[in-house]
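Here is a short report for a first look at this protein. Keep the structure open beside the text while reading.

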Amino acid sequence: MSDAVLFDAREDGVAVITINRPETRNCLARDVREGLAAAWDRFERDPALRIAVLTGAGDKAFCAGGDLKEMVETGMTVPPRDLFPLPYDTIELTKPTIAAVNGVAFAGGWMLAQACDLCVASTTARFAVTEVKVGRSSPWAAPLIHMIPQRIMMEILLTGAPITAQRAYEIGLVNRLAEPGAVLDVALDLAREILANAPLSVRAARETVMLATEMGRSAALQAARHASETCYRSDDAQEGPRAFAEKRAPRWTGR
């Protein structure tokens, strides 16, 4: 993995992935895209890593979007389907992810923050879908309708105007706000809350949310029941109630 994307495999089971091109506002140039693809693959393949936090180097930008100079040089029209390594889309992941937005998240930066399961943002961060300002399009924003109201989504995409972190929190794009400089710490706190829970239960919970997003009520209920069977039949499903009855912390095995 190049220095364009840093990978920190922490002993607590958290992988911290950092886009490390602050001089270009962490834009999604080729080396960053390749680094992210390698980082997501490493995270997914390592059984010791249970949750990933994605952030950007510096205090100015999480990610300012695609590399417009590259688009000019290549005469890019429709982007290749696999151009951007996007969690749960072009990259297959089964584990939770958190975006720790430390600065601007414009265009592709918003795309990355939106793709992660959860989002923590600095109070000084800003979000924008700026494609309309440069003659491009944002089909990746379609799932946003499951996160924020239609009228708000319409305004964001049609104007390309930035919104503050506070506004992003109010409309439901951001889970938690953090003081500048504390974004990663708050994201790690959130990760630790998740890590304290049974691994198979966390996986089933995530699948339940995604099934409910994709399906109607009845179909989602049926699919979620099926997705939860592995959890219910696990050793951890017996350990949790036992630990509660014995007034001790549970010892999860993920089996």
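## Overall build

A contact means heavy atoms within 4.5 Å. Among contacts in the protein between residues at least 6 apart in sequence, 66% link residues at least 24 apart. This is a predicted model, in which local features need pLDDT of at least 70, side-chain atom pairs count only at pLDDT 80 or more, and totals for chains, interfaces and linings use all residues. Residues are numbered from 1 along each chain as its sequence is written, and side-chain values use heavy atoms, with hydrogens and water left out.

The protein has nine helices and 10 strands. These are DSSP runs, numbered from the N terminus: helices are H or I with at least four residues, strands are E with at least two. The radius of gyration is 19 Å, close to the 18 Å that the globule rule gives for 255 residues, so the protein is as compact as a globular protein of that length. That radius is taken over C-alpha atoms, and the rule is 2.2 Å times the number of residues to the power 0.38. Along its principal axes, the C-alpha trace spans about 60 × 40 × 35 Å.

## Buried and exposed

Buried means under 20% relative accessible area, exposed over 50%, and partly exposed in between (1.4 Å probe, protein chains only). Of the 255 residues, 46% count as buried.

Gly-181 sits in the loop between strand S10 (176–178) and helix H6 (183–195). Is Gly-181 buried or exposed? It counts as exposed, at 79% relative accessibility. Its C-alpha atom is separated by 37 Å from that of Thr-74, 107 residues away along the chain.

## Nonpolar cores

A nonpolar core is a set of buried Ala, Val, Leu, Ile, Met, Phe, Trp, Tyr and Cys residues joined through side-chain atoms within 4.5 Å. The largest one has 50 residues, and Leu-36, Val-101 and Phe-127 touch the most other members. Apart from it lies another core of 16 residues, including Ile-98, Val-120, Ala-191 and Leu-195.

Leaving out residues up to four places away in sequence, Leu-36 touches Val-5, Ile-17, Ile-19, Leu-28, Leu-54, Pro-85 and Leu-112.

## Parallel strands

Two strands pair if DSSP finds at least two bridges between them. Strand S2 (residues 14–19) pairs with S3 in the parallel sense over six bridges. Val-16 has Val-53 of S3 as its bridge partner. Strand S3 (residues 51–56) also pairs with S5, again parallel, over four bridges. There, Val-53 stands opposite Ile-98. S5 and strand S7 (residues 118–122) run parallel, joined by four bridges. Val-101 stands opposite Ala-121 in S7.

Why is S5 (residues 97–101) largely enclosed by the rest of the structure? Five of its five residues are buried, so the strand is largely enclosed. Thr-97, Ala-99 and Val-101 cover one side, Ile-98 and Ala-100 the other. S3 is mostly covered, with six of its six residues buried. Ile-51, Val-53 and Thr-55 point one way from S3, while Ala-52, Leu-54 and Gly-56 point the other way.

## A four-strand sheet

An open sheet has the order S4-S6-S8-S9, with mixed pairing. Its edge strands, S4 (61–63) and S9 (163–164), each pair on one side only. Strand S8 (residues 126–128) and S9 run antiparallel, joined by two bridges. Phe-127 has Ile-163 in S9 as its bridge partner.
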